[in-house]
Amino acid sequence: MAEHPTLVRSRLTGSEPAPDSVPWANSVFEQPWWLDSVAPGAWSEIVVRRGDRVAARLPYAHRRRFGLRTIVQPPLTQTLGPWLAPGEGKYARRLENENHLLAELIRGLPPFDVFRQSLATTLTNALPFYWAGFQATVRYTFRIEDLSDLDRVQSEFQEHVRRAIRKAQRTVEVVHDCPLDELLRLDAQTYVRRGGARPYPEALVRRLDAACAARGARRILGAVDTAGRTHAALYVVWDDRTMYALINGADADLRSSGANPLLYLEAIRLAAEVSHAFDFEGSMVEPIARFFRGFGGRQVPYLLVTKARPRAKPVLAAWSARAAVGRLRHRG
């Protein structure tokens with residue numbers, strides 16, 4: 001008989017302190033220190049235990065908006081759980097166990113009016129969510145999964161990417177200590193050019209940057225010319241498995257230099273030193289997807305899971321539309 005999940009709500013209620021980092025996480029986005037940065041005092045987790053071991057974990061951000069109880073993806077957090085312990089035995093037995101664990105996690109969720117969360121790429125099974133009345137939509141990121149041979153990786157670049165990189169190398173130099181203020185300036189400019197405001201506050205970026213820097217888990221790459229102008233900047237974060245391209249901004253007046261492709265090449269090279277894979281944090285927007293594909297990035301699916309009470313469905317639709325606009329970050 002399945003055991004009831006142990007609910008750990010330290011960041012929401014202060015009932016039980018949680019460690020700064022945990023082994024039961026799919027990515028850097030699921031670490032307590034990351035969630036403390038992007039959702040301070042407003043996140044929690046459901047932990048399913050089998051005896052003294054953790055069998056499953058689902059972190060989530062939980063807050064009230066417009067009088068509604070919401071569980072919605074925190075800013076700058078690509079995916080968020082669930083983590084499941086590796087199963088054993090035949091496929092049918094492993095799948096049955098996975099279904100049980102996911103059902104326990106879902107039952108452990110607090111009451112909500114709106115749920116909207118992107119799940120880790122490691123999870124391909126949406127049936128327990130479907131059975132519980134959720135909807136699941138397939139989305140895509142783009143990844144280079146194996147960085148062990150950089151010559152092979154670069155051989156997958158399309159010619160227009162190679163051409164842009166060669167052009168940029170004649171104009172700019174990549175620096176690894178681009179000031180955060182410069183990145184924020186270019187990032188804000190990018191959203192203004194798209195006709196909207198940045199969908200996350202500057203204070204959140206600064207808080208997250210301090211946490212990442214303290215753990216040696218980030219780099220700010222900048223493409224700078226001989227006049228000292230920053231053409232583009234790229235903020236990357238990583239854990240021991242994957243590096244993620246988190247924030248990218250470019251100067252509207254200097255976009256023709258090809259600086260962004262050069263920055264991504266440098267980020268891929270860095271990822272080969274500190275991690276094992278590179279995630280472009282892909283987009284469903286066609287021009288952005290095409291840009292990532294030019295580097296040989298492979299489409300990797302993940303699930304966007306949603307559910308809303310009847311009175312909250314218009315709010316969910318509005319947030320989904322806003323999130324889509326937020327993904328229109330400049331590339332190229």
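Biologist: What makes the residues around Phe-157 and Tyr-264 a nonpolar core?

Modeller: The set meets the definition, because a nonpolar core joins buried Ala, Val, Leu, Ile, Met, Phe, Trp, Tyr and Cys residues through side-chain atoms within 4.5 Å. In this predicted model, local features need pLDDT of at least 70 and side-chain atom pairs count only at pLDDT 80 or more, whereas totals for chains, interfaces and linings use all residues. The largest such core has 35 residues, and those with the most contacts inside it are Phe-157, Tyr-264, Ile-268, Phe-278, Phe-280 and Phe-295. At least two residues each come from β7 (135-144), α6 (159-169), β8 (172-175), β9 (218-225), β10 (230-238), β11 (242-250), α9 (259-274) and α10 (286-293). The largest share, nine residues, is supplied by α9. A second, separate core of 30 residues includes Val-38, Leu-184, Leu-208 and Cys-212.

Biologist: How are these helices and strands assigned, and how many does the chain have?

Modeller: They are DSSP runs numbered from the N terminus: helices (H or I, at least four residues) and strands (E, at least two). The chain comes to 11 helices and 13 strands. Residues are numbered from 1 along each chain as its sequence is written, and side-chain values use heavy atoms, with hydrogens and water left out.

Biologist: Which residues does Glu-30 touch, and what does the side chain of Glu-30 reach?

Modeller: With contact taken as heavy atoms within 4.5 Å, and not counting residues up to four places away in sequence, Glu-30 touches Ala-25, Leu-35, Arg-57, Pro-59, Leu-80, Gly-81, Trp-83 and Ala-120. The Glu-30 side chain reaches the backbone nitrogen of Gly-81 at 2.9 Å. The C-alpha atoms of Glu-30 and Glu-45, 15 residues apart along the chain, are separated by 9.8 Å.

Biologist: How do you know whether Tyr-130 is buried or exposed?

Modeller: Tyr-130 has 60% relative accessibility and therefore counts as exposed. Tyr-130 is found in helix α4 (residues 127-131).

Biologist: What share of contacts in the chain joins residues at least 24 apart?

Modeller: Among contacts between residues at least 6 apart in sequence, 73% join residues at least 24 apart.

Definitions and conventions
Buried means under 20% relative accessible area, exposed over 50%, partly exposed in between (1.4 Å probe, protein chains only). A polar contact is a pair of N or O atoms within 3.5 Å; within protein, one must be able to donate a hydrogen and the other to accept it, and residues adjacent in sequence count only if both atoms are side-chain atoms.
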